[in-house]
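Q: I have a model open and would like to talk through how it is put together. Can we go over it piece by piece?

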Amino acid sequence: MSDIVRQQYEDLPYPARDPKDEARRLIEGSPSHLVELNHYLFAGARDFARPFRVLVAGGGTGDGLIMLAQHLSDRNCPAEIVYLDLSAASRAVAEQRAAVRGLRTITFMTGSLLDLPRLDLGTFDYIDCCGVLHHLKEPGAGLAALNEVLAPDGGMGIMVYGTLGRTGVYPVQAMLRTLIAQVPAPARTSAAEVQIARALLKQLPVTNWLRRNPAVGDHLAGGDAGLYDLLLHSQDRAYDVTELAALVSAAGLEIAALIEPWRYDPASYLTDADLLRRLDGLPMIERAAFAERLAGNLKRHIVYLVREGRAAAAVAKPGDRTLVPVWRGEAVGESLRGHSTLKISIDGIELRLPIPRHAADILAAIDGERSIAAIHQRVADKVPALATPDAFGPAFDAACGLFNRLNRLFLARR
Ligand SMILES: C[S@@+](CC[C@H](N)C(=O)[O-])C[C@H]1O[C@@H](n2cnc3c(N)ncnc32)[C@H](O)[C@@H]1O
């Protein structure tokens, strides 16, 4: 079966990327953003002056690979990165992107991640496997193969499709299989399949679930490769949070974090305190499963994984006041002043999350250098109400917690 999957990615490397674009922008995302993986897998304390071994399994045209290699290079990390993919055409794009950026710490390999235990590559501190496992005949076997080459204190960032958020995708895939089965085999090229898919998309009635799904747009904006990946793939499946937790646990692994955390928190969507109280004390996965059913728009799940029993130790804790809060992207602080809510808009939902009291003062003191303790000192000078640790602590945790759940703020040891 992986021959058909390989052929698809030889014909249509996904996502489609032009290596020349590396000269003008860096694509950043999740998993595998360096400050994010440090927070969730190494308690913010990984020393990147030390060697760091990375595997990018099913690296495709290189989005995660290039981001992480660039982040590590920016820190002068003596990193060793292995890229592995079934598709030589995808690898060629990823190699050219690395060349444009002058990233020289990557070893490129063509092959299946299922063979990893036999490739004699040693173990890895971090493994990225984004959008790959759900294309395997046996995703559990893929995760087990990755686990075999994970260092005991290492971690993984993976992404798999989400069932509810992909509502409407699978009925359209089934219709396309019916239509394409009528095409004589020699004429059944990917170009012909794309043409049939585009013709059908134009005719979807307003009640069709794909047409009604605001979360899915690869068939509209992703070019031929995006449309093929979404609607014509020969092998894909989706997971709800409970199924994903079972997949992870069967491999002897544990979920350290679901990204973005706010999307997996029922409190992001519900304001009824009685309802919320009933969810208090539920295990993380049950709360996340509730939030997934509630929002209905999680089309993919991004999770950080560690060996079973390590999750609590792996995630950075704001209780450690020696840690340094670090922004991902632009700093937030003064821009919150005078506002009581923050508008969030994603995948068809629009929400207003309450901004905690004193958030503007506290967040404005975050510069990527000061520890939480130093931020307290600075804020206490300006805001007498936050002078004592008892007043500052909960205010800091609320402000930092909100932007951490939004995937904007992380903790690191300097
Ligand atoms: C949807 S793309 C994702 C690419 C990349 N990880 C990203 O997020 O942009 C899936 C990739 O997985 C690769 N792939 C599928 N099965 C694989 C396997 N068994 N071993 C290695 N790569 C595989 C495909 O060739 C394809 O490039």
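Q: Let's start with strand β10, residues 349-354: which residues make up its covered face, and which its uncovered one?
A: In this predicted model, the covered face of β10 consists of Ile349, Leu351 and Leu353, while Glu350, Arg352 and Pro354 make up the uncovered face.

Q: How many bridges join β9 to β10, and do the two run parallel or antiparallel?
A: Strand β9, residues 341-346, is joined to β10 by six bridges, and the two run antiparallel. One of the residues on the covered face, Leu353, is the bridge partner of Leu342.

Q: And what sits between the two strands?
A: β9 and β10 form a hairpin with two residues between them, and Asp347, in the turn, has a positive phi of about 50°. Asp347 is not a glycine, and most residues other than glycine have a negative phi.

Q: Is Asp347 buried or exposed, and why?
A: Asp347 counts as buried because its relative accessible area is 18%, and the cut-off for buried is under 20%.

Q: Since you mention α3, how many of its residues are buried?
A: Helix α3 is mostly covered, with 10 of its 12 residues buried; among them are Leu65, Ile66, Met67, Leu68 and Leu72, but also Asp63, Gln70 and His71.

Q: What covers them?
A: The cover over the buried residues of α3 includes the helices α2 (34-41) and α4 (88-101), together with the strands β1 (52-57), β2 (79-85), β3 (106-110) and β4 (124-130).

Q: How far does α3 reach from its first C-alpha to its last?
A: The helix, residues 63-74, reaches 17 Å, which is close to the 16 Å expected at 1.5 Å a residue.

Q: Switching to the sheet, what is the strand order?
A: It is an open sheet of seven strands with mixed pairing, in the order β3-β2-β1-β4-β5-β7-β6. The edge strands, each pairing on one side only, are β3 and β6, the latter being residues 253-259, and the twist averages 20° from one strand to the next.

Q: Which way do β1 and β4 run, parallel or antiparallel?
A: They run parallel and are joined by three bridges, with Tyr126 of β4 as the bridge partner of Val54.

Q: What lies across that sheet?
A: Helix α5 lies across β1, β4, β5 (150-161), β6 and β7 (300-307), and it runs at about 150° to β5. Helix α13, residues 284-295, also packs on the sheet, where it touches β6 and β7 and makes about 40° with the direction of β6.

Q: Where are the cis peptide bonds?
A: The bond from Tyr14 to Pro15 is cis, with omega near -10°, and Pro15 is found in the loop between α1 (2-11) and α2. The bond from Ile259 to Glu260 is cis as well, with omega near 0°, and Glu260 lies in the loop between β6 and α12 (273-279). As background, most peptide bonds are trans.

Q: Last topic: how do α16 and α17 cross?
A: The axes of α16, residues 372-382, and α17, residues 389-405, come within 11 Å and cross at roughly 115°, in a right-handed crossing. The contact is made by Ile372, Ile375, His376 and Val379 of α16 and by Pro389, Phe392 and Phe396 of α17.

Q: How do those residues divide into nonpolar, polar and charged?
A: The contact of α16 with α17 has six nonpolar residues, one polar and no charged.

Technical notes: Residues are numbered from 1 along each chain as its sequence is written. This is a predicted model: local features need pLDDT of at least 70, side-chain atom pairs count only at pLDDT 80 or more; totals for chains, interfaces and linings use all residues. Side-chain values use heavy atoms; hydrogens and water are left out. Helices (H or I, at least four residues) and strands (E, at least two) are DSSP runs, numbered from the N terminus. The expected span of a helix is 1.5 Å times one less than its number of residues. Buried means under 20% relative accessible area, exposed over 50%, partly exposed in between (1.4 Å probe, protein chains only). Contact means heavy atoms within 4.5 Å. Axes are lines fitted to C-alpha atoms, for helices over the stretch in contact, and angles run from 0 to 180 degrees between N-to-C directions. A crossing is left-handed if the near helix is turned anticlockwise from the far one by less than a right angle, and right-handed if clockwise. Ala, Val, Leu, Ile, Met, Phe, Trp, Tyr, Cys and Pro count as nonpolar, Asp, Glu, Lys and Arg as charged, and the others, Gly among them, as polar. Two strands pair if DSSP finds at least two bridges between them.
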